[in-house]
Amino acid sequence: MDTELGKFNEKILEGLDFRKILISEIVFDDVIHSLFASANPVAGIRTTSDSHDKDATLYNLLALQSPIICYRFRKNYRALTGTFTLASLHHAQAKLRLKEDAKIPVFILEKKPNESVKKAIALFSLTNDLLSKCFISDAKKIGFYLRAWFSKDEGKKSLFQSAEWSALFPHIDTAEKLASHLSISKTELFRR
Amino acid sequence: MADLSEQTLSDIFNLIDEEQLNTMAKLLEMIDCPSDLRGLRKAIATVEYLFSLYPSRVTTLFGIDHNSLKASLLIIHSYQHKNSSAFWKESHGRGWKSERPIYSLLFIFSDNRTSHAAAALLLFLEHYLNNETKIVGQNRAEESVRAFRMLYTDESTRDECFRESSLDRTVNNIFAMKERLKSDDDDNYLPRAQLGYLYQLEHFYRLNWVTRGSHARKTAKQIRGHYSRKRYERITGSDDLMTPSLNTQKLPRIYEEAGVTKSEDLPDVTIIKSSSPPPLLQPYEQASTSIVKDSALHWFNTKKVNIDIRRCHNLLPNCRTILQPHELKLLMRSLTNTSTGAIGGIDKKLTRAVLLIMLITARDLQSVLSIKQASTQKEVGFHFDGNDILLNVAPEPTTLSPVNNELLLPVSSVISITLPEHLVTHVSPYFSDTFIEPIQQKKPVEWQDAIQRYLKDLNRKFSIQISLTRIEHHLINWVSAHESYDPVLLDILAEKTRYQSRSAKHYAYYTETEINDELHALWNALFTEAAHQQAENSDSLTPTISSELKMERGVGSAFTPKADALSTWISEKASILLSNKPFAVSSTLEGLVNYHNAYTLYTIIMLKSGTGYRAVYNPLPSLDLALLRYQSICISDKDSKTLFNHTRVVACPDILKSQILHYQAHIEAFANLIAVNFSYFAQQYFTHSSHLQHLKLTSKTERLEQFLAIKNSSGTDGMFLFFTERDEHASHIKKVVQNSSPTFLNTYFPFPLNFGRHYMRRYLQKNNIHQELIKFQLGHWMTGETTLEKFSELNHVEAIQALLPTLNGMMDELGWRDIPSLLTRKRA
């Protein structure tokens with residue numbers, strides 16, 4: 001593991017802080033904004049649109065089991081992972097289930113990671129859910145998300161050989177391998 | 001926003017020490033420096049100046065200790081780099097004011113380095129940086145920075161607003177200044193831009209963007225203050241009813257284009273005087289009222305309005321002002337008599353003909369006498385067309401400037417009305433091409449005299465009391481008392497604007513055939529009543545007009561849309577909405593926003609079409625106003641903040657009801673999808689769709705405030721938000737979220753925005769809906785009347801039930817259909 005992300009991963013535990021902060025102090029990072037604008041994972045979820053209303057109101061537990069990782073930016077915090085958690089908490093606040101000054105525990109990185117690492121962190125969390133936990137089962141949609149989130153490096157045959165992808169899934173370097181990993185057909189995966 | 005990575009920083013500044021690097025990164029991050037360091041020299045000069053004056057406050061603000069900050073500033077100053085042209089740049093960057101407001105502010109203030117400016121700037125920066133999420137989360141960053149910049153650079157506001165260095169006192173100063181500007185309105189000059197900035201900055205410093213209006217109940221005196229004390233004007237259509245004129249009465253142009261008219265409604269409150277007041281006397285000329293107060297005279301004056309034949313309120317069919325059946329029968333028999341003779345030098349036949357015309361055309365003597373003879377169908381006056389007598393009329397147009405829109409029904413200035421056969425058979429022997437001439441040979445005074453004598457004879461003979469005024473006003477009062485015919489018909493027939501129908505007249509539209517059919521039905525009813533029995537030839541059909549013109553002519557409202565044009569638009573939009581796939585419209589932000597805009601436009605136009613909403617800002621500002629359990633909607637168009645005069649409950653057709661429910665589900669789903677990219681608006685939508693909001697409203701005052709706030713739709717954004725983009729300049733696109741203002745909707749909708757009311761009025765009238773129900777739905781109540789008042793036997797539930805079948809039919813005919821949002825259906 002000699003990639004940038006690998007180095008970051010090794011050092012991440014030094015100076016990592018786990019603290020309770022105000023929900024209102026956290027905003028989504030720009031990386032999350034652009035990923036969601038190009039392919040919105042909420043659209044792929046099978047549940048009905050008002051799923052938030054049907055959840056139990058166990059917000060502290062939610063914040064712990066899918067935690068938010070953020071870093072300090074100016075006087076606030078910017079979230080890199082845990083977007084679903086944070087959206088759910090915002091929803092709860094708007095619907096008066098959580099108080100406006102509610103605090104939740106989050107992980108705070110000591111230093112702001114640089115741009116490519118930020119994107120890799122966000123992508124790692126999202127694609128891990130997408131491919132390993134399979135929150136979306138439709139092969140066509142999985143293909144859509146991967147195409148939107150990862151860019152093909154110049155001179156490479158497919159996005160599976162790009163630096164961004166191989167940092168996250170080094171052992172899946174072709175479409176066939178991904179298809180067999182998900183046990184779906186390759187044509188389905190890349191049908192537009 | 002591309003960030004400055006540590007690598008580039010160490011390259012640029014030749015930094016090796018990690019701690020120095022961190023400090024530098026933090027400093028540049030705090031001031032939001034662009035990655036090419038453009039203009040950094042000027043921005044950092046401001047920071048340094050602040051630091052030299054207030055070292056401790058700046059270090060705490062940036063969270064950097066004193067020495068490191070000093071060192072970093074030194075390093076930036078000694079900056080030497082091969083690509084340093086950007087660093088030295090003196091010009092402000094594009095888009096900074098919206099994208100990096102703080103940096104832009106620092107850059108601009110480098111030209112203004114005084115201790116006074118520094119104090120104000122530092123206070124602003126501290127407040128901004130400490131509360132950044134809240135300010136940015138509410139989308140207020142750009143406007144707050146702008147307000148600060150503008151108020152500071154304006155010398156008239158600078159000293160007054162920013163002389164204090166504490167937050168509380170600055171807020172108080174801004175507040176005081178705002179209040180002072182608002183209150184001194186000498187020579188009618190209000191510095192609106194300044195006031196706006198003061199509001200924005202006050203909200204910013206208070207961190208509270210809720211606009212709280214004060215809702216004190218207006219006293220009669222305050223309301224009276226809107227009206228002139230000296231100038232009175234005659235109420236349109238009445239003979240001697242006066243009202244004080246409004247001091248200012250402006251209508252924005254956007255409303256005029258949408259088909260809203262100033263004269264459509266009288267001002268909020270009308271104070272009726274029954275004659276114009278005598279000129280004001282000097283105090284020494286005035287009699288002492290304590291001596292001459294005559295209560296009988298006073299009583300008479302107030303009652304005069306009530307017993308006047310020409311009055312317009314609260315008429316019943318058995319009122320004395322309406323000719324009763326026996327009187328009508330005697331009058332008709334006398335008028336259709338064939339005896340000869342002359343009264344006052346005028347042939348009796350002619351007198352009778354004139355009286356008959358007066359009775360059936362609802363005109364007064366003066367206007368009957370001045371009817372001209374028309375040689376073609378395009379001229380105004382009597383036109384003899386073989387067997388029929390046509391009356392060509394030119395009613396007053398409803399718009400200032402003619403509207404040229406192919407989607408609207410055409411309006412012609414002149415239309416022909418055939419006089420009833422019944423009349424023609426009785427009068428035609430004396431009615432020839434030479435009729436007009438002998439009428440106009442005599443003076444009106446002579447006519448008046450002759451008619452008085454004729455009526456006097458009649459009255460004496462049968463012991464009745466029929467006066468000229470009663471004949472003139474019979475038809476008008478009859479229609480008003482029965483409320484089964486459209487009063488606008490008589491406006492068109494008599495070419496006169498009247499008080500009763502001044503609002504309705506803007507919305508009524510008739511083609512030539514329709515208006516002839518309606519008028520003949522009305523006349524038939526009149527003759528039937530006069531005959532005391534079913535008229536023998538009750539199946540008398542409306543004589544068809546052999547029109548010389550190719551197209552059918554119409555008259556009335558200039559804004560009525562053509563039904564097929566409207567349904568084409570509807571089916572086009574519906575098919576666009578239905579042709580999409582759920583995943584395609586929800587997966588990318590662009591697709592999502594486009595779909596939402598199309599869906600919102602469809603819903604909002606359906607709302608306007610189905611309720612008859614006026615063209616207002618943000619119709620249906622809250623779901624709480626849709627009383628779907630009762631199939632009704634509380635609408636409040638053209639309203640001021642404090643008065644309720646246009647608030648009413650109207651019927652909501654079935655399709656609209658289910659579309660509103662679909663929209664409710666849509667905004668919930670949409671908010672989930674935009675939670676990351678537009679989190680502020682997602683929160684707004686969540687709040688709209690939450691039923692728990694009212695739990696917060698514990699007191700009666702709070703509930704009333706909430707109602708007033710959501711009722712006044714121009715003050716809130718409402719539910720219908722459009723997510724658009726604006727090209728600021730070639731390379732930069734700014735995302736803008738807009739509420740549904742008339743200006744915005746006009747660009748996406750080819751009809752005038754009042755189309756719903758115009759179409760609905762015509763549709764209801766064509767379906768012979770009772771006038772009271774039409775007024776109920778459209779809110780055309782005269783001043784002083786209220787919806788379903790105590791003389792009415794209707795209540796809201798019954799009125800809505802009576803209207804619903806017709807409205808449902810209208811929506812079906814137009815092709816409206818309720819379309820569930822694709823965002824709520826994942827598996828399609």
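How many bridges join strand S11 (residues 632–636) of chain B to S12(B), and do the two run parallel or antiparallel?

Modeller: Strands S11 and S12 of chain B are joined by five bridges and run antiparallel. This is a predicted model, in which local features need pLDDT of at least 70 and side-chain atom pairs pLDDT 80 or more, while totals for chains, interfaces and linings use all residues. Residues are numbered from 1 along each chain as its sequence is written, chains are lettered from A and ligands numbered from 1 in the order written, and side-chain values use heavy atoms, leaving out hydrogens and water.

One of the bridges pairs Ser636(B) with Thr647(B) of S12(B). Strands here are DSSP E runs of at least two residues, and helices H or I runs of at least four, numbered from the N terminus; two strands pair if DSSP finds at least two bridges between them. The two strands belong to an open, antiparallel sheet of three, ordered S10-S11-S12 in chain B. Its edges are S10 (626–627) and S12 (647–651), each of which pairs on one side only.

Elsewhere in chain B, strand S6 (residues 388–393) is antiparallel to S7(B), with four bridges between them. Leu391(B) has Ile417(B) in S7(B) as its bridge partner. Strand S7 (residues 415–418) is covered on both faces: Ile415(B) and Ile417(B) on one side, and Ser416(B) and Thr418(B) on the other, are all buried (under 20% relative accessible area with a 1.4 Å probe, protein chains only; exposed is over 50%, partly exposed in between).

Phe751(B) and Phe755(B) are both buried as well. Over all chains there are 38 aromatic pairs, that is, Phe, Tyr or six-membered Trp rings with centres within 6.5 Å, stacked under 30 degrees, edge-to-face over 60 and tilted for the rest. The ring centres of Phe751(B) and Phe755(B) are 6.3 Å apart and their planes at 35 degrees, so this pair is tilted. One aromatic cluster in chain B has among its members Phe109(B), Tyr128(B), Phe148(B) and Tyr205(B).

Charges also sit over rings (NZ of Lys or CZ of Arg within 6 Å of the ring centre and within 35 degrees of the ring normal). Arg78(A) lies over the face of Phe73(A), 3.9 Å from the ring centre, and Arg57(B) over that of Tyr54(B), at 5.2 Å.

Leu96(A) lies in the loop between helix H6 (83–94) and strand S5 (103–109) of chain A. Its relative accessibility is 35%, so Leu96(A) counts as partly exposed.
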